[in-house]
Amino acid sequence: MAGVLGIDIGGTGIKAAPVDVAEGRLTADRLKLPTPRPAAPDAVAPIVRQLVDHFEWDGQIGITFPGVVAAGTIRTAANLDSGWIGIDAHEFLGAATGRTVTVLNDADAAGIAEMRFGAGRGQPGTVLLLTLGTGIGSALFYNGVLVPNTEFGHIEINGKDAEERASERAREEQDLSWGKWASHVDTYLDKMEALLSPDLIIIGGGISRKSGKFLPRLTLRARVVPASLQNEAGIVGAAMAAAAVSG
Ligand code: BGC
């Protein structure tokens, strides 16, 4: 099967690599460029273009975005510039790259990849993937089918947005010990468990590499595991979504 270029737009970096979507693996080293600040549409678009040019790509492209993406239109951008809101990303990033692109939420993309090739493979029932990064992203599956654009990083815990307490950024910015931060994550996951009764919770994002520091401290009924594709999940899932659209 032909490859698809996956591009993952994040709060700190924009990463890309060609993906073999049948195998779920990158077929070349990924390239990461810093996210411009402010991350306005006109600043981000040339970086996306640069990544496409770097790989001399003229095939299919899938792109993740860290906000709600409804049928290609950006609805929220909690950790990027608010100038994105209302933009038709299929059109805008399509014009910027001169290609047809598929754009979806970053956590949904990571979830799609984990369910097919990673920690959620073959898992029936309710699976909740949470990426604890700059923000908190969520992807909810029932029997392998995604409910898109869930925004469980923004539920309120003790009067605050969950991502202000349990994201990787909260840990860094507030200089929390692993124990303290794990207790915030535990409170948050308890709430999610009470609301959704998931059979499996997958923790993604860069933090999944350090899962030994906080997973043993959690007190959930559900099984909680680190994502296995780690930082590549967004790229792989973006490519899979693009391949699925064009059949
Ligand atoms: C956004 C989500 C996104 C998550 C991770 C949140 O602030 O609202 O849409 O998936 O950050 O980037």
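1. Asp-20 and Arg-25 form a salt bridge, with their closest N and O atoms 3.8 Å apart. The term stands for a side-chain nitrogen of Lys or Arg within 4 Å of a carboxyl oxygen of Asp or Glu. Asp-20 counts as buried because its relative accessible area is 16%, while Arg-25, at 42%, is partly exposed. Here buried means under 20% relative accessible area, exposed over 50%, and partly exposed in between (1.4 Å probe, protein chains only).

2. A word on the source: this is a predicted model, where local features need pLDDT of at least 70 and side-chain atom pairs count only at pLDDT 80 or more, while totals for chains, interfaces and linings use all residues. Residues are numbered from 1 along each chain as its sequence is written, and side-chain values use heavy atoms, with hydrogens and water left out.

3. How many salt bridges does a search of the whole structure find? The search gives four. One of them joins Lys-15 to Asp-8, with 3.7 Å between the closest N and O atoms.

4. Another salt bridge links the side chains of Arg-49 and Asp-53, at 3.3 Å from N to O. Both residues belong to helix 1 (residues 41-54) and sit four residues apart, about one turn of the helix. An α-helix has 3.6 residues a turn, so residues three or four places apart point the same way. Arg-49 is partly exposed at 33% relative accessibility, and Asp-53 is partly exposed at 39%.

5. Do have a look at the surface too: Arg-30, Lys-32, Arg-209, Lys-210, Lys-213 and Arg-217 come together there in a patch of positive charge. Patch members have over 30% relative accessible area and no salt bridge, with like charges joined within 9 Å and nonpolar side chains (Val, Leu, Ile, Met, Phe, Trp, Tyr) within 5 Å. Arg-217 sits in the loop between strand 14 (200-204) and strand 15 (223-226), and its 46% relative accessibility makes Arg-217 partly exposed.

6. Is helix 7 mostly covered or uncovered? Helix 7 is mostly covered, with eleven of its 14 residues buried. Among them are Ala-233, Gly-234, Ile-235, Val-236 and Met-240. Helix 7 (residues 233-246) reaches 20 Å from its first C-alpha to its last, close to the 20 Å expected at 1.5 Å a residue. That expected span is 1.5 Å times one less than the number of residues.

Key:
Areas by Shrake-Rupley, 256 points an atom, 1.4 Å probe, with all protein chains shown as cover. Lys, Arg positive; Asp, Glu negative; His and termini not counted. Charge placed at Lys NZ, Arg CZ, Asp CG, Glu CD. Helix = DSSP H or I, 4+ residues; strand = E, 2+ residues; numbered from the N terminus.
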